[in-house]
Amino acid sequence: MTRIDGYLLDNRQAEEAEHFSAFAALFDPTTFRHLDALGVGSGWRCWEVGAGTTVVSWLAKKVGPTGCVVATDTDTSRLASAARPPVEVRAHELGAQEPPREGFDLVHARLALVHVTNRERALRSMVKALRPGGRLLVEDADPALQPLLCPDEYGPEQQLANRLRQGFRRLLADRGTDLPCGRTLPRLLRDAGLVRVQADAYFPLTSPECAALEAVTIRQIRDQLVTAGLATDQEIDRHLGNVTSGALDLTTAPMISAWGRKQ
């Protein structure tokens, strides 16, 4: 995930590895399904934006020794283990810098665009990097589309969970995160000149991965929630206990995947 000033879930915190592991467990199957459907295969040239190691490794196996995967992020330290052929790791700020090269068969960005200030410029950059006929797949959450952590709010534990989720969304909004980002992707891809644009959404209702993601997220934003007066330490401890117990049916913001081709 690309980090910009004001990004709430700071990648340099101690929970970084746990957070990315939870994201991968939750979203990798959907991402890989879409990449397979787009035809990624031997010899493809791919740009993975805001790169995660699991997606980079998957792409590297698909493209093989005759292909290449350019993996970029503002902080490349976690990509060091992947930096071997056919993978090339580069520091890059999406929306502020020119693409690392052009002529890609595929450009993919997951949970990165929502944190970029100039989203339209970032999309134009990704489209520019494609060859004619190349594919763009952009995947981002839409926290405003489904604002609840527990859609079945039947008791005090679920009410507390949803109140803390509201606090999380407020912290995101205060930092300029565009909460309705995901739903706008099909229109933005068409505006950027892509054709055959399609989209779908992944919305898990209950899974161990949702619980793992919630636990690490709350630990990361605990101090901000307390400082902003959105929760007390006691409430946070109680919520984390509820999450660990498995008594809550937790969900997360829908991840919307949109894809299209460059003419």
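Modeller: Let's begin with pairing: two strands pair if DSSP finds at least two bridges between them. Strands (E, at least two residues) and helices (H or I, at least four) are DSSP runs, numbered from the N terminus. The model is predicted, so local features need pLDDT of at least 70 and side-chain atom pairs 80 or more, while totals for chains, interfaces and linings use all residues. Residues are numbered from 1 along each chain as its sequence is written, and side-chain values use heavy atoms, leaving out hydrogens and water.

Biologist: How many bridges join E1 to strand E2?

Modeller: Five, and E1 and E2 (residues 68–73) run parallel. For instance, tryptophan 47 has valine 70 in E2 as its bridge partner.

Biologist: Which strand pairs with E1 over four bridges?

Modeller: That is E4 (residues 104–110), again in the parallel sense. Here cysteine 46 is partnered by leucine 106.

Biologist: Is E1 mostly covered or uncovered?

Modeller: Buried means under 20% relative accessible area, exposed over 50%, and partly exposed in between, using a 1.4 Å probe and protein chains only. In E1 (residues 45–49), four of the five residues are buried, leaving the strand mostly covered.

Biologist: What span should helix H4 have?

Modeller: The expected span is 1.5 Å times one less than the number of residues. For the 19 residues of H4 (residues 156–174) that gives 27 Å, which agrees with end C-alpha atoms 27 Å apart.

Biologist: Which helices do the buried residues of H4 pack against?

Modeller: Contact means heavy atoms within 4.5 Å. The buried residues of H4, including Leu160 and Phe168, pack against H6 (208–227) and H7 (233–245).
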